[in-house]
Amino acid sequence: MQDLISDRLSLSMESDEEEKRVPLSRRPEWCDVTPVRQDDGPNTVVPIAYREEFAETMDYFRAIFLADERSPRALQLTSEAILINPGNYTVWQFRRLILEALNADLHEELDFVEHVATDNSKNYQIWHHRRWVAEKLGTDASSKELEFTKKIFFMDAKNYHAWSHRQWVLQALGGWEDELAYCQQLLEDDIFNNSAWNQRYFVMTRSPLLGGLEAMRDSEVRYTVEAIIAKPENESPWRYLRGLYKDDSQSWINDPQVSSVCLMVLNLKGNVLFALSTLLDLLCHGFQPSQELKDAVDALTSDSDSPASDLATTVCSLLERADPMRANYWKWRKGMLRQTV
Amino acid sequence: MDSILNPPSPDSNPSTQFERDRHVRFLEMMYQLLPSEYQGQEINRLTLAYFVVSGLHILGASDRVDKGGVINWVLSLQAHPKNEAELNDGQFYGFHGSRSSQFHSDDNAVWIPNGSHLASTYCALAILKTLGYDLSLLDSESILKSMKNLQQSDGSFMPIHTGAERDLRFVFCAAAICSMLENWSGMDKENVKKYILNCQSYDGGFGLMPGSESHGGATYCAVASLRLMGFIGDELSKSATSCIINVPLLLDWCLQRQAIDGGFQGRLNKDTDTCYAFWIGGVLRILGAHKFIDEKALRQFLLTCQSQYGGFSKFPRQLPDIYHSYYGFSAFSLLEEPGVNPIRVELGITDVDAIGL
């Protein structure tokens with residue numbers, strides 16, 4: 001939602017291109033067109049201080065738009081309008097009508113989108129347009145689209161629009177073969193990249209090549225446990241681990257790999273927040289802890305702590321201390337234990 | 001203008017209090033004239049106006065705008081079908097985002113384009129409601145009837161009939177429009193519900209689309225829509241199993257978004273940002289769980305994003321913009337800052353019914 005407004009404020013800053021720009025009014029090929037000024041009418045609210053180039057380009061755009069002129073020069077004008085005003089969905093929509101009317105080369109169009117996206121990768125309209133073009137090109141476009149999103153991830157590995165586009169490409173046009181390897185590579189680059197974890201989950205649950213979550217669970221759990229042990233403070237693999245048992249709490253509390261990763265992290269005595277929180281959820285779902293696990297929790301308590309009657313209560317007390325920002329939440333969770341256990 | 005473009009030096013101490021008067025002056029300035037940096041948003045002029053007008057109302061300073069003038073301007077952006085036949089032509093008859101996409105029949109044009117947009121329509125109604133305009137005076141029939149054309153078979157909404165991306169943002173806009181017009185004939189609620197439930201991720205948060213990564217803004221759109229549609233209430237007082245969404249996971253996900261610097265992040269392992277104090281703080285308020293956050297730490301974080309010229313920035317010690325300012329004010333409203341009006345979280349505007357007009 002924020003990107004809707006905030007991320008496009010930086011464009012239209014002065015550049016060399018702007019200095020060289022010849023005003024439309026002085027270009028011979030536009031001499032037959034009368035620009036249509038923006039008519040704000042009375043009671044103008046939040047007027048904008050348009051730059052001259054911006055106002056002129058939009059004035060000419062309005063003229064060809066109203067005349068429904070679907071010509072090569074109109075296509076060129078929408079390019080200019082989009083570069084200074086990529087949020088204007090009317091311009092994009094009209095451009096699509098022109099592309100269809102001219103039967104334009106859509107591969108060239110992909111190059112244009114890439115050019116615009118380099119500076120405006122967080123603009124919704126660009127991505128919608130890209131999808132429109134790719135949809136028309138069909139399955140042949142799949143590999144090019146996957147490569148394109150890779151380029152975007154090279155600049156920003158968490159670009160939300162690019163991830164949406166990539167998921168759409170996979171589902172609509174295919175290209176699943178290397179997706180798990182790509183997630184793997186991104187996670188090797190940055191194990192904290194939650195977008196890559198999410199994509200991994202997307203592949204597990206939706207790839208037609210892998211057999212689904214349950215078939216992949218064992219190997220995925222092993223991979224995730226390794227990631228947790230390497231960085232116990234990383235929330236992403238903890239949530240991923242839980243996700244691997246979505247809608248199957250019974251397997252989750254009964255899988256020894258889950259309780260043992262909690263045990264290992266508790267014994268490390270480093271960042272124990274997510275280990276404790278996972279253990280608490282397990283206990284709330286009926287998990288029966290081993291003596292080893294109880295001892296590991298006890299080892300974290302200090303002598304001044306009053307001995308608690310049950311493990312879950314002790315875990316809540318430890319969480320209050322390990323995670324003071326959410327102390328009220330853990331206190332509340334402690335109070336809820338009486339209702340759930 | 002030069003002084004505005006020079007950011008304050010990073011070592012200057014941030015104010016220790018909410019500078020209401022400076023914020024009012026900042027919005028008054030924006031009301032008079034938005035700097036050219038906003039020109040790329042001209043198509044969303046109603047949204048920009050919503051941030052300014054509704055923002056002034058949250059600050060208790062709506063007397064700074066010409067109410068009648070604003071109301072007339074907003075009303076003038078509504079698209080009206082010429083007749084009953086046109087109403088059924090598959091187009092959406094809501095509000096145009098700005099004058100630049102609105103044309104009149106006397107324009108001597110080959111055709112009269114209709115650029116009505118769901119987000120603009122939401123913002124139009126929000127401004128009108130904030131300013132006390134009686135929404136029953138509107139031709140709501142054409143808005144609602146034509147809005148159905150925008151709903152997709154999977155339950156989602158696209159924002160404009162000529163085609164655009166479909167996600168939870170426009171589900172929220174549609175739900176808020178129905179709620180403000182007190183008429184739900186504009187959508188298939190059960191289908192919307194199904195779509196929203198499909199967007200809840202494995203970690204408890206919501207993504208903008210099924211399969212997408214959990215995101216603070218998307219989570220707000222999901223939870224606020226469910227509240228507006230009456231599918232969820234104060235969930236913490238109920239038993240966990242009775243709710244249509246996984247509340248314990250959602251609650252835990254939201255609360256863990258408050259980071260060590262006190263601010264909220266929109267996604268796991270991302271930087272904190274002013275606006276999520278509202279998006280995620282708002283979800284927690286709807287769930288009845290706002291009491292679990294560290295309010296003092298959040299307040300301190302927000303103050304580092306408060307500009308000395310008024311307004312809020314995305315990240316600490318940057319230049320303010322009206323988007324982050326609006327959600328900064330909303331966040332302070334959730335923190336019950338004295339002198340700031342209470343908001344109706346799920347609508348994203350001042351709680352006009354509670355404070356009276």
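**Notebook: chains A and B**

I began with the interface: chain B and chain A bury about 7,300 Å² between them, 57% of it from carbon and sulfur atoms (accessible area lost on being put together, 1.4 Å probe, summed over both parts). Gln39(B), Arg45(B) and Tyr202(B) supply 12% of the area that chain B buries against chain A, more than any other three residues. The model is predicted, with pLDDT of at least 70 needed for local features and 80 or more for side-chain atom pairs, while totals for chains, interfaces and linings use all residues. Residues are numbered from 1 along each chain, chains are lettered from A in the order written, and side-chain values use heavy atoms without hydrogens or water.

I looked up the contacts next. 85 residues of chain B are in contact with 69 residues of chain A (heavy atoms within 4.5 Å). The rule finds 3 salt bridges across this interface (side-chain nitrogen of Lys or Arg within 4 Å of a carboxyl oxygen of Asp or Glu). I noted a salt bridge between Asp252(B) and Arg239(A), at 3.0 Å, N to O. H3(B) gives the largest share of the side of chain B that touches chain A, 6 residues (helices are DSSP runs of H or I, at least four residues, numbered from the N terminus).

Then I turned to Ser71(A), in the loop between helix H2 (52-66) and helix H3 (72-84) of chain A. Ser71(A) counts as buried because its relative accessibility is 14% (buried is under 20%, exposed over 50%, partly exposed in between; 1.4 Å probe, protein chains only). Ser71(A) touches Ile98(A) and Leu102(A), leaving aside residues up to four places away in sequence.

Last, I checked Met264(A), in helix H14 (residues 256-268) of chain A. At 38% relative accessibility, Met264(A) is partly exposed.

Technical notes:
Helix = DSSP H or I, 4+ residues; strand = E, 2+ residues; numbered from the N terminus. Buried area = accessible area lost by both parts, 1.4 Å probe.
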